[in-house]
Structure formats: C-alpha cells, structure tokens
Amino acid sequence: MELVEAIILAVLAASTPLLIAAAGELVTERSGVLNLGVEGMMIVGAACGFAGAWLTGSTFIGALFGIVAGTLMSLIFALMALGLAVNQVATGLALTILGIGLSGLIGAGFVGERITPAMHLHIPGLTDIPLIGRVLFGEDGFVYVSVALIVGVWWFLGRTRAGLILRACGDNHVSAHALGYPVLRIRTFAVMFGGACAGLAGAYLPLAYTPFFIPGMTAGRGWIALALVVFSSWRPGRLVIGAYLFGAVTILQLHAQGWGVGIPSQFMSALPYLATVLVLVLLSRARTGGSTAPAALGTVFVPDR
Amino acid sequence: MQLVLERRAERSGTIALASPLIAVGLTLVTMIILFAILGKNPLLALHAYFIAPLTDGYSLQEIAVKATPLVMIAIGLSLCYLANAWNIGAEGQFLIGAVAGSWIALKTQGTDAGAWVLPAMLVLAAAAGALYALIPAICRVKFGASEILTSLMLVYVAELFLDYLVRGPWRDPQGFNFPTTAEFDPVATVPLLIEGGRLHLGSAIALLVVGGAAILLGRTIKGFGIRVVGAAPRAARFGGFNANQLIILTFAVSGALAGLAGIIEVAGPVGHLQPGISPGYGFTAIIVAFLGRLNPLGILVAGLFLALTFIGGEQAQIAMKIPLDVTKVFQGILLFYVLACDSLILYRFKLVLPSRQVARGAG
C-alpha cells in the first residue's frame, strides 16, 4: 500500500511539468502558432525560478520569476514569428538554443545551492487517509495549479466566445481577419500564455521536483510536451491522459532501475524518448482520415490592408 | 501610428547579400551590451573572442578543426531545409556515426590490420548515420509523424546508448574507471595534414563535401528538385518531383554527413570514444546552415565564423573569466538576427498613420 501511494505521488510529480507546459503549448497551437521553443522557455524558467526562490526564500516568488521569464522569452518569439513573419520552426529552434545558453549564464551562480522545496498541503485528518489522502490532499501547490490550469484551458477553448475566436484564428486566419478579428494580437496573447506556462513548468523542476538547479535539468521535457500536444489531438482532455501516461513511464523506468532489473540503466532512461517516437508514429498512422491539427498551424500570416 | 509588414513586389537582392552581415553587426552590438552587463570590458572581450584567435597559427588550425564537423553537418542540414524537411537530430546521427566507426577501431585494436581500417570506419559511420536519420524520415513519409520531434527524441537515445557503451562493454580496462574507450591505433586515426599540428584530413574531406553540394544543387536535376520541392511544393508535384522520395534522400545524405563528421571527430582530434565528444555540433550546425543562407559556400564561411566563436569563447574564458555559456547565447542571438534580417528580403516595413476619415476595421 505504501509503495502504491509512493508510486502514484511520484507519477503525479513527474507528470506535472509536462502537463503545465503542454497546456500552454496547446493554447498557442490552437491559435495557429507552432512554438518549438518550449524547451528553451522552460529551461530559462527553471533558472530564473530558482534564482527568485533562492534570493527571496519564497517558492511563490520563484514561480512568479519563472512565469515572467517564460513570458519574456515567448515575446521574443512573437516579435519574430508574428511581427516579422519569420518561419516558425526556425524561430522556435533559435529560442531553444538561446534559452539553453541564457539559463546556463543565469544559473551558473546557483549551481550547488539548495533551497527549501515547495511546501506540501497538509489538512489534518484528510491528508492522513491511507492511499488517497496524500495523493488528493497532500500535494505541492503546482500539482493543484496544473489541474486547475487544464480545466481552465478546456473551459476557455470549448465554452467561451473568446476561445472560439482563438480557434478560428488557428483554423483559418484569412477568414478570422476578414471578420475583423485582430489575428496577430490574439496569437500574441496565445504565445505569451504558452510562454508563461512553459516558464512555470520549468520553475517547477528546481522548486519542487528537486530542490537544486543543474544546467540542462529540463532534459528534453519541453520537447516531450510538444509531442504530448500532438498525442492529445489538440484536445485538453486527452492531454491529461497523455501527461500522466508519460509520467508513469518515467517513474516506471526509475523504479525498474531501483529493483535491479537486468537491463542497463541507460536503456531504461531512453524509454520515455522511445515511447514518444512510438506514440507519434502510432497516432499519426491512426489518423489517416484527415488531420485534427489546427488547419493554419505553423503558417505565416501577414494581414493585407 | 504603427509599423506593419508589407510584402515586397520582388525579393530584394541587395538585402539578400547584406543580411548575414547586418545580422553579425547587430549581434556584435548586442554582445557589447551583454559584456557590459556582465561587468567585463566589452572591447577587450570582443578582442579575445574575434581577434586573438586569428593571430596565432595554433588557433587558426584549431578553428579549421572545429569548423570541419560544423560545415559537414550543416551542408547536409541545408539540403533537408531546402526540401522543407526538418532534420534537427543531427547531434544524434553524429554520435551514432562515431559509435559505429569506433566499433571497427576497437575490434581491430592490437591486430595487424592494415590501411583498410580507417576507410572502413568512415564508410560504416556514414552508413550508420544515414540509417539513424532514416528512422524519422520513414516515420514522416509512411506514417505522417512529425520528423522534428522524432529526430530530436533520437538525439537523447543516441546519447544514452553512447554512455552505456563507454561505461559498460567498451570501457578501457586500463582507463582508471573513466568512461572512455582505449586510444585508437594509428591505422584507425585520421592522419594530420601538418606534422605536429592540429589540422587533419577531415578538413579536406569537408571541403570536398562543400564542392559536392555546390555541384549537386547548382548543376543537377536532383538538386533542382530539392529546391523546387521546398520552395513550391505544388509546382514540384506538377513537375513530377516526388516530395517523399526527396525527404528520404535528403535525410539519408544529412545523416551520412553527420555520421562521417562524428567518426572524423573521434578518430581525429579526440582519439578515443567518450561522452561529450560534441559540444553541441549538431545544434550549432543548424545556425551555420541558416547563417550560410543554405548555400554551400556560405555555409563554409559561416562554419569558420562559428568555429571562431567556440575558440574565442574558450580563450575569453581563460583570459577574462567570461562564462562559456556566453558563446551559446551569442549563437542563439545570431540566429535570431539572421532570421529577422532574412524576413526583410521578402517584406518591408511600412508606417501606417491613423486617419480620421477612414473608420478603423470592426476589430
């Protein structure tokens, strides 16, 4: 029982950064913008988040630092891809390269430092319920925020007028423009939301997952978040399933290493990446009847006047 | 009053030529600001980065050595990008090539194997790199899976595989438990071009690759097809060019070149297989490809320039304690400016003044 609870807790912790980053990218992509710089925004969010928490001693301020850093990074992307109509794939790659360098520069002074990890909720009585107590009532704040975030995204995209307009920009920017919607401004907001989420997801790693900062600590999670958006067919509900499945694969391989299964640890560590490739292949194959991607995803839009 | 983009009637030739230079200039200005923020003398820092490495023979050779993998990988990537196929996993193909070639070097170690060893290593490395690159290409062509994500995921897999080999079965028994293989035999080593220097045969191979790519793109139907498929997919279809076939071809070629670059690096400057044989060559090569405007000669110049930043970054770290990450920031900023300046080839800015007579749109 103890072990089951520990595994569920570990899976939730591993899934949370993926879920937060992917929720943001999902909104960005539904507006028709493919921002491949998630990894870069995350890693800068991680460095700035740790810096904020270390300087102030507050996890909350650290998370805010991460969000602001991710948003600023995404504004560079918006300026390039929306303002200057540059190819979005190339711009996203540039953002990742820049982010890895910047995070090394910012984080260099903090390597080896430790902070107090994020507080976990504790409600006397409820948290002590066996098996589900700590899972439901004993998480850190990020886990609850991630759940609220994905519900909010689902509600916004599917149930509000603003969400409908955002999706219209993603499916046909020419029509949306003709109807008088400011396509580029809406997309800028969507990109900024994606950046804020990526920054928060990055900050989660040094603030709650491990209480210290190491360069390159995102280890490809930003790219896995991108793959999760494809996996979800751009639907928030499926994104939750995908994120927790990936968290489970990550934890499974860690536990398998701990149990001394006779497979070299490097092969187990490669599992999440191989699983991503496999999932992309299987899903794309199953989707022969037409793509579910936003129709204008990744295309350049320059309004004519 | 606001600035808006407007499509030019035709692409601007002047800006096409000037854009990489403008981009480098803007990057230098940004770097001066960054050095000032870091509390370093900007002029001394720029001197350490860009001038000092050009003043002694050893550094000049070192620049050519660093440029060799960058140029080889970037040439392959440029073919992919011209055909609108996004291979961003060159780092993984580089590592797999290094592993495959090292296998022959380790198998023949201590035997009296002759001069065939090195050529066999090069061929096997290229083949392995090509096969590794074909995984994302086939996933894209057969199943429609995004080659961007699959090629990148395979970088992590390749890193872990290399790590397993040098910590496990291939570890040098006399290596004091360091994760490295034994030093390669002389027959398994890329010969030096200058006795006692650093410059090796790989640099000559890179020049051949540049020449080959220039001929392929400028003088052959295949090269024309690659450019048409990327620039005008619809026209290419009518012209009878098979886009899927060209994706497979460009991925295979770029994988082979990355694999070749990998074994040349291991059998040349490094001398044995170990983790960290690449300071991110596969990713920096993306910048080289764009800075070189996806043109073989441009890539040669761009590769030498980025190699200079690697060497200059090391010297600036030793001389002025400037962190090595500044080099990565520099490279990222440079790519941004290159892409932004390229946009001005097709578009121009126009100042729109608000007019009281014309009602603003419904938005």
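A salt bridge is a side-chain nitrogen of Lys or Arg within 4 Å of a carboxyl oxygen of Asp or Glu. The structure is a predicted model, in which local features need pLDDT of at least 70 and side-chain atom pairs count only at pLDDT 80 or more, while totals for chains, interfaces and linings use all residues. Residues are numbered from 1 along each chain as its sequence is written, chains are lettered from A in the order in which they are written, and side-chain values use heavy atoms, with hydrogens and water left out.

**Exercise 1.** Describe the interface of domain 1 and domain 2 of chain B.

*Solution.* Start with the bounds, which come from an automatic or database domain assignment: domain 1 of chain B covers 1-19 + 324-363, and domain 2 covers 39-322. Next take the contact (heavy atoms within 4.5 Å), to which domain 1 of chain B gives 14 residues and domain 2 of chain B gives 15 residues. Then count the salt bridges across this interface, where the rule finds 1. Finally, look at Arg293(B) and Asp342(B), which form a salt bridge whose closest N and O atoms are 2.7 Å apart.

**Exercise 2.** Describe the interface between chain B and chain A.

*Solution.* Count the residues in contact: 42 come from chain B and 47 from chain A. Then consider the buried area (the accessible area, with a 1.4 Å probe, that two parts lose on being put together, summed over both), which is about 3900 Å² between chain B and chain A, with carbon and sulfur atoms giving 83%. Last, apply the salt-bridge rule to these two chains, for which the count is 0.
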